[in-house]
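Thanks for coming, everyone. Let me put the structure up and walk you through a few parts of it.

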Amino acid sequence: GYNSTSNQAKLILRDLANGSDLATISTDEGSATYPNGLSTPIPVDINNDHKADYAYAGDLRGNLWRFDFTDASSSNWTVKKIFTACSSDTCTDNNRQSITIRPEVVTHKSGGVLVLFGTGSDFATEDRSSTQTQTMYAVRDTLSADPTVLHRADLVEQTITSEPTINGAKYRVISQNSVDYSTKSGWYLNLISPGADSGSGERIINNLSINSEKVIFTTMTPSSDPCDYGGKSWLMELSLTT
């Protein structure tokens, strides 16, 4: 979790029946200079035997991790990085996008799974004034034993093209760029209003909801105005795969 003594992102697994320690798997990412912490993980049962085969979780450094429990021995359980979220195509220490929500995972029709998550945080004092561009992501994991770490350049970009007001209600219109999973590994949507060059502090800090072929989520933009209920929000509903 956040603000731990080690400043590293780790997953702890306990036996459900008696609470005994099964494994503690460290990502080995995080230090006093660059503190890290793991978000809430989601377990995934691939073969429907009612046992978790994998778990996915993000961290404060923008990494998406896949933890592998498929080996019969817990001493052989592993962790692999499958994606790093950054606000530009080239990652630096200054443009990492924190992942603080639990990912959602669905089966992909071409094999493997599609992992969906948003970025942003709102628990540290400095988070309230951050205007870093945050993003909604959908990343396909083919479940390769040795995956290549993906970045946003491996995904198709969608954009917010307009924000019309209809009958007093404000809406968002999203681009519909096609996503070819034979050449790309998913899609992403920057939370940037039309005409803006960068984000306004809008972020995703609440868990997503999956409904049929849709991913439904809320965004939040903090406000320092005491009459503004702490901020403003959008409710968004997008196609899972595109």
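**Strand 4 and its neighbours**

Start at the hairpin of strand 4 and strand 5, with four residues between the strands: Gly62 there takes a positive phi near 80°. Strands, by the way, are DSSP runs of E, at least two residues long, and helices are runs of H or I of at least four, all numbered from the N terminus.

Before I go on, the ground rules. This is a predicted model, where local features need pLDDT of at least 70 and side-chain atom pairs count only at pLDDT 80 or more, while totals for chains, interfaces and linings use all residues. Residues are numbered from 1 along each chain as its sequence is written, and side-chain values use heavy atoms, with hydrogens and water left out.

Strand 4 and strand 5 (residues 63-68) pair antiparallel over five bridges. Two strands pair if DSSP finds at least two bridges between them. Tyr56 sits opposite Arg66 in strand 5. There is also strand 3 (residues 42-44), which pairs with strand 4 in the antiparallel sense over three bridges. Here Pro43 has Ala55 of strand 4 as its bridge partner.

How many of the five residues of strand 4 are buried? Five of the five, residues 54-58, so the strand is largely enclosed by the rest of the structure. Buried means under 20% relative accessible area, exposed means over 50%, and partly exposed is in between, with a 1.4 Å probe and protein chains only. In a regular strand, side chains alternate between the two faces of the sheet. In strand 4, Tyr54, Tyr56 and Gly58 point one way, Ala55 and Ala57 the other way, and all are buried.

**The aromatic pairs**

Next, the rings. The structure holds six aromatic pairs. The rule: rings of Phe, Tyr and Trp (its six-membered ring) pair if their centres lie within 6.5 Å, and planes under 30 degrees apart are stacked, over 60 edge-to-face, the rest tilted. One of the six is Phe117 with Tyr137, stacked, at 5.3 Å centre to centre and 25° between the planes. This pair links distant parts of the chain: Phe117 is in strand 8 (residues 113-118), Tyr137 is in strand 9 (residues 135-141), and they are 20 residues apart. Phe117 counts as buried because its relative accessibility is 0%. Tyr137 is buried too, with a relative accessible area of 0%. Ring pairs also join Phe83, Phe117, Tyr137 and Tyr188 into a cluster.

**The disulfide**

Cysteines now. A disulfide here is a pair of cysteine sulfur atoms within 2.5 Å. The count by that rule is one. Cys86 and Cys91 form a disulfide, with sulfur atoms 1.9 Å apart. The link of Cys86 and Cys91 is right-handed, with 110° about the S-S bond. Are its two ends buried or exposed? Cys86 is buried, at 2% relative accessibility, whereas Cys91 is partly exposed at 26%.

Last stop. Three strands form an open, antiparallel sheet in the order 16-17-18. Strand 16 (209-211) and strand 18 (231-239) stand at the edges with a single partner strand each, so one side of each has no neighbour in the sheet. Strand 16 pairs with strand 17 (residues 214-222) over three antiparallel bridges. Asn211 has Lys214 in strand 17 as its bridge partner.

Finally, Thr221, in strand 17. Thr221 is buried, at 19% relative accessible area. Leaving out residues up to four places away in sequence, Thr221 touches Ser200, Gly201, Glu202, Gly230, Gly231 and Lys232; contact means heavy atoms within 4.5 Å.
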